[in-house]
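I set down here, in order, what I looked up in this structure.

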Amino acid sequence: MNSNNNRRHIWRPAHWVSVLFALQLSLFSCTIEPPLHFPDDGADIIMTLPEVNLDLDVLWDYSLVIDEEHNEYYDSTYNWRDEWYYGWDNQDNAIFGTWDIVNPEVFNIRRYYTGADAKGIHKSPNEHQIQGRRLSARYNFGYYDILAWNEVQTIDGVQSLHFDESSTYEYITCYTNAGMAPARHSPKHQFAYYQPEFLFGGYYEDLYVSQDPADYDGYDEERNVYYKNARMQLLPRTYIYLTQVILYNNRGRVAGVEGSANLSGMARQTNLNTGYTSDDEISVNFYQRMKRHIMKDGEDVDIIGGRLFTFGLCNLNPSRATRASADDSKVKNFLDVNMYFNNGLDSTYVFDVTPQVKRRYKGGIITIEIDVDTIKIPSRKSGSGFDAVVKDFDTLTYEIPM
């Protein structure tokens, strides 16, 4: 499959969606005509999750982001397909995962009952895992907060995401652990962290289960139930970046890549309820692959490409952020790529991609462009050779010998 054909495909990770989370309150009694008489011990409720529409055009929609201070729009149209030259083929599927991700069919639900106090403290929740899109359960009369997220599915059955519900019932923390790859730019962490899997969550507060039929949205005569609809947004909790290092005038000098790369300055964990990330910055480790003879604007280039999931920038809810709030971050973002040369030696290149990551604060394309004629090729064996630091994708600025 060539890169032009791949660019016409829509990559559909289950990641950025806004859907209706319908709560159908099925309130049964002995009579078959309204008004119904509710039992004293609560009500049966059917909770339905509709189909999820998955599309990167929605995930990476920056068109409504406004800098309120300057009254300016950013990126009114983000044509990410026009930026993506690496493409996607069967070998990429084997390394990174398929271009299309199937709609989730397994969900985890936590129901927190707060009684008569809508803002009451969470106690031990009712826990459910549902196969499909319907949960039938009995609710006490009063207020509930409801948290939902997709069950993580992986090809090999091994997942990197961990969920911490032990410290408090008020929220659930999601995080990954460190691996064995060294981290160059994380002040508190020696090793880079595993990337999380795709994850989205929804949190609905103050659902009121009432004994008064007038509090409901309608009556279903066929099923003899009153019902109420509540809106829940399912928003991303992990964010996707596609990276590509475009090599001009390579002529076989860069022979390949180690396969492992790091993106620094990302959050170590996120709050599943609120979507806000932690202030603990880490490097995220991911895989890369090199492709030769890709046509870019009529020119034959080699491209090193990869895909990674992150929790996003620190101290931010990327789904609800603006460019202005992303720019407030003082954290720098570096992309580390180890390249092998045709003389058998290797070098680690460090690219400053901070402007690109802040511009694409909820995911997107990160592009580096290098004229191989302008870089120093290592001539001595010294571990990883040298670091070449690049400010952004258009300029090679300086090199630092090891």
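I then looked for disulfides (pairs of cysteine sulfur atoms within 2.5 Å) and noted 0 in the structure.

I record that this is a predicted model, in which local features need pLDDT of at least 70 and side-chain atom pairs count only at pLDDT 80 or more, while totals for chains, interfaces and linings use all residues. Residues are numbered from 1 along each chain as its sequence is written, and side-chain values use heavy atoms, without hydrogens and water.

Next I traced an open sheet of 5 strands, ordered β6-β5-β8-β13-β16 with antiparallel pairing. Its edge strands are β6 (126–131) and β16 (235–236), each pairing on one side only. Strands here are DSSP runs of E, at least two residues long, numbered from the N terminus, and two of them pair if DSSP finds at least two bridges between them. I saw that β5 (residues 106–115) runs antiparallel to β6 and is joined to β6 by 6 bridges. Within β5, R110 stands opposite E127 of β6.

Last, I turned to the lining of the largest pocket. I noted 20 nonpolar, 11 polar and 6 charged residues there, with Ala, Val, Leu, Ile, Met, Phe, Trp, Tyr, Cys and Pro counted as nonpolar, Asp, Glu, Lys and Arg as charged, and the others, Gly among them, as polar.

Note on methods:
Helix = DSSP H or I, 4+ residues; strand = E, 2+ residues; numbered from the N terminus.
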